[in-house]
Structures are given as C-alpha cells and as structure tokens.
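Please look over the structure shown here. Which parts of the fold pack together, and what surrounds the ligand?

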Amino acid sequence: MLARVLICGGLVLSATGAQNYDVLIDGDEIAALGTPGYFESVKPTCDRVLDASGKYVIPGGVDVHTHMELPFGGTNASDTFETGTIAAAFGGTTSIVDFAVQRTGEDVHDGLAAWHENADGNCAIDYGFHQIIGGVDDAALKAMADLTNSEGVTSFKLFMAYPGVFYSDDGQILRAMQTAADLGATIMMHAENGPAIDVLVAQALERGETDPRYHSLTRPVELEEEATHRAIMLAKVTKAPLYIVHVSSSDAVETIARARGLGANVFAETCPQYLYLSLEEHLSKPGFEGAAYVCSTPLRSRAEGHQESLWRALRTNDVSVVSTDHCPFCMKDQKELGLGNFSKIPNGIGSVEHRMDLLYQGVVTGEITLSRWVELASTTPARMFGLYPRKGVIAPGSDADIVIYDPKGTTDISVKTHHMNMDHSAFEGTHIDGRVVTVLSRGRIVVENNTFTGAVGHGKFLRRGLSQYLV
Ligand code: URP
Ligand code: ZN
Ligand code: ZN
C-alpha cells in the first residue's frame with residue numbers, strides 16, 4: 001500500500017470550477033492541494049508521483065444506483081460485487097450505492113444482512129446500500145428506523161411497478177413515506193403504474209405482439225408521468241424527501257420540474273441509456289437483438305424529444321444525478337428467457353463501467369459544462385445520499401478517490417474490451433472522446449495502464465448520513 005502520492009500538473013475539477021493544483025495524498029486521504037510546484041520539497045518523500053499534465057483530475061465517480069447480483073426476472077444480475085466493482089473502477093467510478101432487497105413476507109434486516117454477505121470482502125471500491133422495501137408492513141416500517149439510525153442505510157426504494165414482485169400500493173407508499181419523513185430518510189421511487197402496465201402487457205401478448213419493442217409500447221410515457229405525479233403528491237402529503245429513479249421521459253421531467261418550482265423536496269436521476277439509446281434504433285432491432293435494451297422505465301422514442309428534454313433538465317438541475325441503474329444480464333440463458341415473450345426478458349442494462357465516459361460526451365458535444373459533469377456524476381450523488389465531503393470532492397480530509405482523465409484520449413466501448421460480466425454491450429461501438437487514465441481509491445492506485453492494480457476486498461462499506469439537499 002502506498003502511503004504518500006503526489007499528483008502533479010493536472011487541472012483539478014470540481015462542481016464549481018477548475019484550477020491548476022498539485023494534489024498531495026497521505027494514506028487514505030487527500031492531505032493538501034497546492035499551486036503547481038508547491039510540493040516540490042516533499043516530492044522525495046513520496047512513494048509515487050503521478051504526472052497529470054494536460055489531464056483533468058476529478059473526484060472519483062459516485063454511482064448511486066447499481067444492482068449487483070440482484071435476483072430478478074427469474075435469474076440474477078450477472079455482475080457480482082467483485083466483477084461489478086472492478087468494472088466500475090476501470091470506468092472511473094470509485095463508490096457505488098447498491099440496493100439490498102426485501103420482498104413481501106421477508107425480514108428487512110435479513111435482506112440487508114444478505115447484501116452485506118454478498119459484498120463484504122468482495123469489492124474493489126467503496127460501497128453503500130439503499131434498501132428496497134418490497135413489503136411495507138409494521139415490521140418493515142420499524143426496520144426503516146433501525147437502518148437509518150444505526151446501519152448507515154438512509155434511503156429506501158419503493159416500486160409502483162412490478163405487482164407481485166416489489167410493488168407497493170398507495171397506502172403502503174403513504175405509510176413508508178410518513179416513516180421516512182419522521183426519520184429524514186429519502187424515498188427513492190420507481191414511478192410507473194404497474195397494475196395498468198400489466199393489463200397492457202397481457203393484451204399485447206394476446207394480440208401476438210411478443211417482440212422486445214413491445215416492452216416500451218406497453219409502458220407508455222403517460223404511465224410514468226402519472227406515477228411520478230402520484231408519488232410527488234403522496235410525498236407532499238407526508239412531507240417525505242423524494243428521489244425519482246431512472247427518469248426517461250420529458251413528461252415525467254415536466255412534472256418533476258413543476259414540483260421543484262413549487263419548492264418540494266423532489267429530486268431526480270436519469271441514466272446514460274435514456275440520454276443515448278432509443279426505441280427506434282435499439283429496442284426495435286431485428287429479431288431478438290432488442291432484448292439487450294429491455295429495461296424499466298423503458299427506452300423512449302427518439303422522435304418524441306425525450307433525450308433533448310433530459311439533457312436540458314440536467315442543465316437546469318431539475319434532474320440532478322446521472323446514475324447507471326446497472327442491472328446486467330447476459331443474452332445467453334438470461335435475456336433469452338424472454339424469447340417469444342417480451343414480458344419474460346429480465347429488465348436491465350449494464351453500464352457501470354461507462355457512465356463517466358458517456359456523460360463526458362455531453363461536455364464534448366456542448367450539452368453540459370465540465371463542472372456540471374463532475375457535479376452530476378460525483379458531487380451531487382455524494383451529497384444526495386449522505387457521503388459528502390468524504391466522497392464527491394477533491395479537498396483536504398476527503399477520501400483520496402481520484403481519477404486522472406485524459407480529454408485527448410479515446411475509448412471505444414465494446415464487449416471485447418469491457419470488464420463487466422456481460423456477453424454484450426448496450427453501447428457497443430460507441431466512440432468516446434476521452435479516457436480514464438489512472439484511478440485511485442482511498443489513496444490506492446486501482447487502475448493504471450488499463451490494468452487493474454487494486455485488490456478485491458479493498459472496498460469498504462460506507463455508512464451514509466441523510467441527504468444534504470433537504471430544505
Ligand atoms: O430495468 C431495470 N431498471 N432493472 C432493475 C430494477 C429497477 O427497477 O431498477
Ligand atoms: Zn426501478
Ligand atoms: Zn434499478
């Protein structure tokens with residue numbers, strides 16, 4: 001383990017600007033920032049000096065929506081905590097927040113314990129947990145208090161979709177929100193009207209509409225907007241902080257923007273797939289190819305302008321986080337479960353390795369600024385989920401989670417080169433202007449020269465505080 005590392009000559013980026021600084025790291029933490037050359041005298045005492053000339057030095061990415069090993073759709077997400085966190089590190093993400101699972105009839109504490117068992121000793125980068133509450137009852141509500149107050153798990157995902165799996169009805173949502181409001185905890189909402197979707201799905205299948213693209217056609221934007229609005233109203237009644245996950249449509253964005261304009265504690269994330277992939281070009285690929293793009297909320301029609309709306313919302317802060325919703329399934333034996341019936345295709349896309357690069361393309365194309373890139377991918381997720389200033393910023397005392405990023409480098413995304421445990425890539429062939437060069441996790445160099453130099457087990461569990469955005 002290196003004790004002292006100096007990063008010289010780079011442009012240090014933050015959510016508020018960019019400045020030429022040298023960064024001195026001592027052990028796990030950032031010791032100091034100095035003007036270029038300031039640490040010349042301590043250079044001989046350093047174990048490593050990294051030359052970042054011509055490169056960006058950014059706080060490590062924080063991906064607050066991943067599903068390693070999730071049992072879902074009759075199978076399990078194909079990345080383990082080991083493979084998924086190594087892949088994340090390759091892409092410049094140094095913290096993830098994954099979802100522990102509780103289903104109806106199960107004990108929330110057991111669900112959390114199972115997730116600790118999956119992750120403990122297996123992660124290459126630091127990790128925290130949200131808790132899925134799939135069965136809101138008295139015991140689950142009591143457990144929400146235990147998790148928030150004693151376990152460092154301060155956010156709870158509820159589902160308005162997937163009846164019979166994770167679904168909560170409005171009464172259950174109301175009760176969970178009342179509990180969250182009392183605790184100051186955040187409710188994360190999968191906002192789609194599941195019972196209505198299930199009817200549309202059954203009707204489509206009866207008509208013989210079985211191809212992957214019907215996944216999107218049976219989950220219309222109206223049913224995302226309606227659920228988003230309902231969740232916001234329930235949050236208003238209960239005063240619970242609300243974070244809408246995987247927002248995909250301009251309709252939902254408008255509903256969120258209106259609530260935020262009225263001062264509500266309502267926040268939202270989107271994901272790379274909604275910014276770049278579409279119903280026409282991806283989900284409608286011939287044969288069964290579209291199955292690779294089945295996720296929920298679904299990919300939308302490019303022609304309807306949802307992507308423009310999402311990029312705009314990332315600029316206006318109506319959507320303030322970009323996470324991946326990394327939920328990988330292989331085509332073979334997994335997505336194939338839905339051959340001849342789109343409703344049986346396991347829902348999810350894996351992209352934990354590519355979020356930083358894909359979002360950086362928004363800088364290259366002029367959609368967002370450099371600072372906004374850092375803010376959306378690192379600083380805001382850290383603040384939103386109680387990890388700041390330990391994560392999300394390059395400052396004295398913060399964990400030395402740092403990425404050296406080369407804006408003149410390039411990356412070509414492919415299943416042939418990625419590190420995720422998937423037999424395909426939803427972003428196959430995408431050319432990235434930019435490249436992750438070196439990645440440090442708590443002072444340790446974990447990726448260098450396109451090689452993993454870290455250690456499985458290096459990643460530690462992150463006990464999180466409450467959201468730092470509540471008014
Ligand atoms: O398709 C998705 N999003 N799969 C993961 C589960 C979820 O709803 O986030
Ligand atoms: Zn979801
Ligand atoms: Zn998810």
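The report below covers helix packing, the ligand surroundings and some backbone details.

## Basis

This is a predicted model. Every value below is computed from it, and local features need pLDDT of at least 70.

## Helix H3 against helix H4

Helix H3 spans residues 138-151, and helix H4 spans residues 170-183. Their axes come within 10 Å. They cross at roughly 25°. That angle is under 35 degrees, so H3 is roughly parallel to H4. The crossing of H3 past H4 is right-handed.

H3 brings Asp138, Leu141, Met144, Ala145, Thr148 and Asn149 to the contact. H4 answers with Arg175, Ala176, Thr179, Ala180 and Leu183. By type, the residues of this H3 contact with H4 are six nonpolar, three polar and two charged.

## Helix H4 against helix H7

H4 also packs on helix H7, residues 221-238. The angle is about 45°, and the axes are 9 Å apart. H4 and H7 are therefore oblique to each other. Their crossing is right-handed.

On H4, the contact uses Asp170, Ile173, Leu174, Met177, Gln178 and Ala181. On H7, Arg230, Ala231, Leu234, Ala235, Val237 and Thr238 take part. The residues of the contact of H4 with H7 divide into eight nonpolar, two polar and two charged.

## Helix H7 against helix H8

H7 has a contact with H8 as well. The axes of H7 and H8 come within 8 Å and cross at roughly 20°. The angle is again what decides the label: H7 is therefore roughly parallel to H8. H7 passes H8 in a right-handed crossing.

The H7 side consists of Val221, Glu224, Glu225, Thr228, His229 and Ile232. Facing them in H8 are Asp251, Ala252, Thr255, Ile256 and Ala259. The residues of this H7 contact with H8 comprise five nonpolar, three polar and three charged.

## Around ligand 1

How many residues surround ligand 1? There are 14. The closest are Lys157, His190, Ser296, Asp325 and Asn347.

Asp325 places a polar side-chain atom 2.6 Å from a nitrogen atom of ligand 1. For His190, a side-chain N or O atom is 3.0 Å from an oxygen atom of the ligand. For Tyr162, a side-chain N or O atom is 3.3 Å from an oxygen atom of the ligand.

## Cis peptide bonds

The peptide bond from Ser296 to Thr297 is cis. Its omega is near 0°. Where does Thr297 lie? Thr297 is in the loop between helix H10 (279-283) and helix H11 (306-316).

The peptide bond from Tyr388 to Pro389 is also cis, with omega near 5°. Pro389 belongs to the loop between helix H13 (370-384) and strand E16 (402-412).

## A positive phi at His246

His246 is not a glycine, yet its phi is positive, at about 30°. His246 sits in the loop between strand E13 (242-244) and helix H8 (250-261). Helix H8 is the partner of H7 described above.

Technical notes. Residues are numbered from 1 along each chain as its sequence is written. Chains are lettered from A and ligands numbered from 1 in the order in which they are written. This is a predicted model: local features need pLDDT of at least 70, side-chain atom pairs count only at pLDDT 80 or more; totals for chains, interfaces and linings use all residues. Side-chain values use heavy atoms; hydrogens and water are left out. Axes are lines fitted to C-alpha atoms, for helices over the stretch in contact, and angles run from 0 to 180 degrees between N-to-C directions. Helices (H or I, at least four residues) and strands (E, at least two) are DSSP runs, numbered from the N terminus. Angles under 35 degrees count as roughly parallel, over 145 as roughly antiparallel, 65 to 115 as roughly perpendicular and the rest as oblique. A crossing is left-handed if the near helix is turned anticlockwise from the far one by less than a right angle, and right-handed if clockwise. Contact means heavy atoms within 4.5 Å. Ala, Val, Leu, Ile, Met, Phe, Trp, Tyr, Cys and Pro count as nonpolar, Asp, Glu, Lys and Arg as charged, and the others, Gly among them, as polar. A residue is near a molecule or strand if one of its heavy atoms lies within 4 Å of it. A polar contact is a pair of N or O atoms within 3.5 Å; within protein, one must be able to donate a hydrogen and the other to accept it, and residues adjacent in sequence count only if both atoms are side-chain atoms.
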